[in-house]
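Dear colleague,

Please find the structure below, followed by a short account of what was found in it.

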Amino acid sequence: MLRRKNYWLLFAVLLLSLTSLSPSMELDTDEGSYPPRQPLDQSERPPSGELGDEQSLTIRVSLSSLEFGVLQRISNNYSLSSGVSVQLTNVDTEEDGAAQVREELTVGDSPDIVMLDGHSIFDLASRGYLLPVDIYQSVPGSTPLTMLIPQMQWNGYDWGVPLDIDPYVMVYSPQRLAEWGLSGAPSSLEEWSGLLNRLNGEETKEHYLLAMDTRNPYGYAAVLQSMGGGLLSMSEAQAAWTEAARGYFYLTSRFNQDIWNMLQDGKLAVAVVPLSEWRKYGNSTLAVQAPLEQTGHNIYEAIHSRFFALPAQSGSPEAAVKWLAYVTSSSAQLEWLENTDHLPALDELYRSGLPEISRLPFDSGLFLTDDNAPESDSEGEWSRKAEAAILLLTGKLDAAGYQAAAAASE
């Protein structure tokens with residue numbers, strides 16, 4: 001009996017001890033007592049799945065309606081095989097969509113993937129608006145063309161994945177140029193000056209010397225290449241010729257259909273257009289000449305390239321890179337070439353003897369030579385000199401002003 005009383009006494013003492021300690025065991029539910037969640041460093045971002053499985057991507061592009069339909073079909077095939085929902089938004093290229101995409105990117109209104117002009121990647125990456133692609137996943141497949149690598153690399157990382165290239169070519173009517181004493185498009189500064197003098201000597205001023213797109217510098221770069229120069233190496237004589245000749249320029253947009261009739265009617269001597277436009281609208285009465293064949297160097301200056309890139313605010317970069325690997329694979333680029341006439345960006349496709357590439361109006365082997373690769377530090381210089389060249393082309397700078405602006409950018 002005494003032993004039982006001792007047990008009850010011991011139980012009472014233990015219960016009292018637990019009751020006195022219980023206030024200090026309550027959970028702290030005050031959120032302010034914990035440090036705030038810190039943003040993940042880009043190089044330490046966890047792989048997909050650790051923060052929840054991402055099942056959707058938003059992608060902003062700037063394409064023609066035909067090109068957008070082709071990309072939509074390729075992307076839909078990816079969605080069927082991966083289960084990832086992809087929302088593509090197209091910014092109308094007729095309204096300078098590429099510039100609009102860049103503007104929205106800089107104010108933070110960005111999707112998971114954007115399409116950019118190749119020469120804009122350096123500027124956006126160096127200013128912190130993009131994520132490096134290769135820290136999330138190495139994109140499988142062939143390496144890109146050597147001349148494209150300086151556009152996509154900065155600070156030891158890859159900041160874009162190339163989709164295609166589109167060289168600018170000179171189109172003319174052999175019959176009309178023969179009337180001005182030329183057997184082909186001018187291929188030197190002297191021949192361009194001679195053609196300008198013939199137009200200056202005419203009583204009528206209804207003829208144009210040259211049609212070019214003023215929204216980018218690639219057509220102008222092609223003309224400079226035909227003179228043996230380029231945007232990065234424009235001479236004083238070439239700048240002076242531009243100032244003297246621009247009164248005979250027909251400055252237009254890339255998609256102006258009037259130039260084809262103007263060429264055939266003899267109202268326009270030469271039009272500089274993307275190769276894809278020539279493949280769509282050229283005919284047997286017109287001829288095409290590629291200035292890159294004449295110089296054999298700096299061919300990248302007259303080639304428009306389009307890349308995909310990851311904005312810094314991309315919510316799902318790992319999933320985005322998987323989509324990029326699919327839509328820029330060799331099979332997808334072949335489908336893109338067949339349906340859009342834009343040339344592929346992969347090295348291996350130019351070494352495979354594809355009939356679509358072998359029928360180009362110039363030797364596609366020029367794309368494969370290392371001599372045509374730009375210097376690794378040329379991208380910053382390119383953007384500054386391209387801007388100055390457009391100002392010269394459109395009359396906002398004279399030749400002397402251009403020389404001063406070009407010298408200041410060095």
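Why does Ser329 count as partly exposed? Its relative accessibility is 22%, and the class covers values between buried, under 20% relative accessible area, and exposed, over 50%, with a 1.4 Å probe and protein chains only.

This is a predicted model, in which local features need pLDDT of at least 70 and side-chain atom pairs count only at pLDDT 80 or more, while totals for chains, interfaces and linings use all residues. Residues are numbered from 1 along each chain as its sequence is written, and side-chain values use heavy atoms, with hydrogens and water left out.

Ser329 sits in the loop between α13 (317-327) and α14 (330-340); helices are DSSP runs of H or I with at least four residues, strands are runs of E with at least two, and both are numbered from the N terminus. A polar atom of the Ser329 side chain lies 2.9 Å from the backbone oxygen of Tyr326. The side chains of Ser329 and Ser331 are joined by a polar contact of 3.3 Å (a pair of N or O atoms within 3.5 Å; within protein, one must be able to donate a hydrogen and the other to accept it, and residues adjacent in sequence count only if both atoms are side-chain atoms).

Ser188, in the loop between α6 (174-179) and α7 (189-200), counts as buried because its relative accessibility is 19%.

In helix α2 (residues 65-82), the buried residues include Phe68, Leu71 and Ile74. Among the elements covering the buried residues of α2 are β1 (56-61), β2 (85-90) and α13, where contact means heavy atoms within 4.5 Å.

Yours sincerely

Key. Expected span 1.5 Å × (residues − 1).
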